[in-house]
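The notes are in the order I looked things up.

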Amino acid sequence: MQTQADLCLRLHDAIPHLPPRERLVVELLLEGKNQAVIAHVLDVCEGTVSRIRTRAITTLRDLMAE
C-alpha cells in the first residue's frame with residue numbers, strides 16, 4: 001500500500017513529463033488559479049482549459065501507473 005507521501009512524490013515527479021500546455025494548466029491549478037484565469041493566460045475559452053485539464057489528468061494517471 002502506497003502512502004499519501006509516496007503518491008505526492010510520484011505525482012510531483014510525473015508533472016514535468018506532461019506536454020507543455022497540460023503541464024502549464026496543472027501548474028497553474030496547483031498555484032490556486034481558477035479556470036477563468038488559466039483561460040486568460042492561455043488565451044483560450046474555459047471549455048478548452050477543461051479539456052486540457054482532463055487530458056492532463058489522464059496523462060498523469062498513465063504516467064503514475066508505469
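The entries below go from the whole chain to single residues.

**Overall.** I am working from a predicted model. I counted four helices and zero strands in the protein chain. Read from the N terminus, the order of elements is α-α-α-α. For the extent, I took the box of the C-alpha atoms along the principal axes, which comes to roughly 40 × 20 × 15 Å.

**Surface and burial.** Of the 66 residues, 24% count as buried. I also checked contacts between residues at least 6 apart in sequence, and 51% of these join residues at least 24 apart.

**Helix α2.** Which residues of α2 are buried? In this helix, residues 20-30, I found Glu22, Val25, Val26 and Leu28 buried. They lie on the same side of α2, because the arc they cover around the axis is only 165°. Pro20 and Leu30 are exposed, on the other side of α2. I then asked what covers the buried residues of α2. The cover includes α3 and α4, the latter spanning 46-65. Just after α2, I noted that Gly32 has a positive phi of about 95°.

**Ile38.** I went to α3 next and picked Ile38, which sits in that helix. Is Ile38 buried or exposed? Its relative accessible area is 0%, so Ile38 is buried. I listed its contacts, leaving aside neighbours within four places in sequence, and got Val25, Leu28, Leu29, Lys33 and Val49. Val25 and Leu28 had already come up among the buried residues of α2. I also looked up the C-alpha separation between Ile38 and Leu9, which are 29 residues apart along the chain, and it is 25 Å.

**Val41.** Val41 is also a residue of α3, which runs over residues 35-42. The relative accessibility of Val41 is 48%, so Val41 counts as partly exposed.

**Nonpolar patch.** Which residues form a nonpolar patch on the surface with Val41? I found Leu24 and Val37 there. Together the three have about 210 Å² of accessible area.

Conventions
Residues numbered from 1 in each chain as written. Predicted model: local features only at pLDDT ≥ 70, side-chain atom pairs only at ≥ 80, totals over all residues. Heavy atoms only, no water. Patch = residues over 30% accessible without salt bridge, like charges linked within 9 Å, V, L, I, M, F, W, Y side chains within 5 Å. Areas by Shrake-Rupley, 256 points an atom, 1.4 Å probe, with all protein chains shown as cover. Salt bridge = Lys/Arg side-chain N within 4 Å of Asp/Glu carboxyl O. Helix = DSSP H or I, 4+ residues; strand = E, 2+ residues; numbered from the N terminus. Buried < 20%, exposed > 50% of the residue type's maximum accessible area, 1.4 Å probe, protein only. Contact = heavy atoms within 4.5 Å. Arc of directions from axis to C-beta.
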